[in-house]
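This report covers charged and aromatic side-chain contacts. The sequence and structure come first.

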Amino acid sequence: MLRDVKVLAGLIRRRYREGASLAVVARELGVSKSTVQRHVPVRERRDAAAAARQRHRNRAETPYEQALRAQVVRLYGSGMPQQRVAATLGISVEAVVARLEPSQRRSKQEAARLAVEQQGELLPKEEIVARYVQGATMAELGRLYGVHPSTIRRRIPDDLIRGRAPGPRPRSGRVLVDEEVRRRYAAGESAYALAREFGVSVHTIRTRIPDTDWRTRPPEKASVPSPRPAQPGPGGVRMVLVLSDEEILDRYRAGQSATAIGRAAGVDCRTILRRIPEHERRSHLQAQRLNRPAPDVDADTIRALRARGLTWEAIAAETGLSAKTIRARA
């Protein structure tokens, strides 16, 4: 019995390594799929994608599939692009790509080069030259043959190009005279205006003007910093405030915040807090609760008003808060 199990396990592993799927091995040996899976090592099991590729390879091709694959390889190898092969055989481009091996497919650069060569071979060069000599423009010929005008230009000899004189082209723009540039610059014209008129760069104009005559940007006036208040000396001299310490403490006990008191006294809020004893300073939550608008309007009050049939906007108008605040507190 043990020997039979070892023989079965060996057959299962051998057939699985040959490419048969778990279902095929189970059907051939007359066992369940779970039995086959139990005897296949975990490190040798194929994932879903690998199993799908293996099933595709194991599928026997019909004579039609073999003939279609041969035609696709022959037409594509002759130089046809994938779109033309698909149109010739009446199939999709995806079907053409599926029947080509990765080593048989052309790269993007090679496909672009081949398309340009084929397009150039299909253009009638003599006809293009004859039409151009008769008066047609390159743009018109490009629209006629469905190509770019530069493609038409490469098929026309240089001696037939209209509007081009033999020899190097003259440089556009006025002749640059150093004396005129210096005189006009000294009269007040800017280097940018002279560069635009003569068709050169500002640097070229700068090289024609002596360093002593070159106008530089006037220096900006240094901003005078505002006088800062004198810092307290070693003796610990305190800053004189508009409000006394007693008045600051009274306002703070009445409910005003340190920021509001500092705004009234023209100082920072930290200066105000230093005048207030530690045991009387409010915490963050106490200050937030104290500065909260309409603290008596709580969730119970809002629910009672809603029970009376008032809308959010009506409650907001009655309490002096916004409708958004009313909804947040509810």
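## Aromatic pair

Tyr185 is buried, at 4% relative accessibility (buried is under 20% relative accessible area, exposed over 50%, partly exposed in between, with a 1.4 Å probe and protein chains only). The model is predicted: local features need pLDDT of at least 70 and side-chain atom pairs pLDDT 80 or more, while totals for chains, interfaces and linings use all residues. Residues are numbered from 1 along each chain as its sequence is written, and side-chain values use heavy atoms, without hydrogens and water.

The structure holds one aromatic pair (rings of Phe, Tyr and Trp, the last by its six-membered ring, with centres within 6.5 Å; planes under 30 degrees apart are stacked, over 60 edge-to-face, the rest tilted). Tyr185 and Trp214 form this pair, which is stacked, with 5.3 Å between centres and 5° between planes. The pair links distant parts of the chain, 29 residues apart: Tyr185 belongs to helix α12, and Trp214 to the loop between α14 and α15 (helices are DSSP runs of H or I, at least four residues, numbered from the N terminus). Trp214 is partly exposed, at 25% relative accessibility.

## Charges over rings

The ring of Tyr185 also has the charged end of Arg215 over it, 4.0 Å from its centre (NZ of Lys or CZ of Arg within 6 Å of the ring centre and within 35 degrees of the ring normal). Arg106 lies over the face of Tyr76, 3.9 Å from the ring centre.

The whole structure has 19 salt bridges (a side-chain nitrogen of Lys or Arg within 4 Å of a carboxyl oxygen of Asp or Glu). In one of them, Arg208 meets Asp178 at 3.2 Å, N to O. This pair links distant parts of the chain, 30 residues apart, with Arg208 in the loop between α14 (202-207) and α15 (245-254) and Asp178 in helix α12 (residues 178-186). Arg208 is partly exposed at 27%, and Asp178 is partly exposed at 27%.

Arg275 and Asp245 form a salt bridge at 3.8 Å, N to O. Here too distant parts of the chain are linked, 30 residues apart: Arg275 is in the loop between α17 (269-274) and α18 (284-291), and Asp245 is in helix α15. Arg275 is buried, with a relative accessible area of 13%, whereas Asp245 is partly exposed at 30%.

## A salt bridge within a helix

Asp300 and Arg303 form a salt bridge, their closest N and O atoms 3.1 Å apart. Both are in helix α19 (residues 299-307), three residues apart, so about one helical turn separates them. Asp300 is exposed at 55%, and Arg303 is partly exposed at 47%.

Conventions. Helix = DSSP H or I, 4+ residues; strand = E, 2+ residues; numbered from the N terminus.
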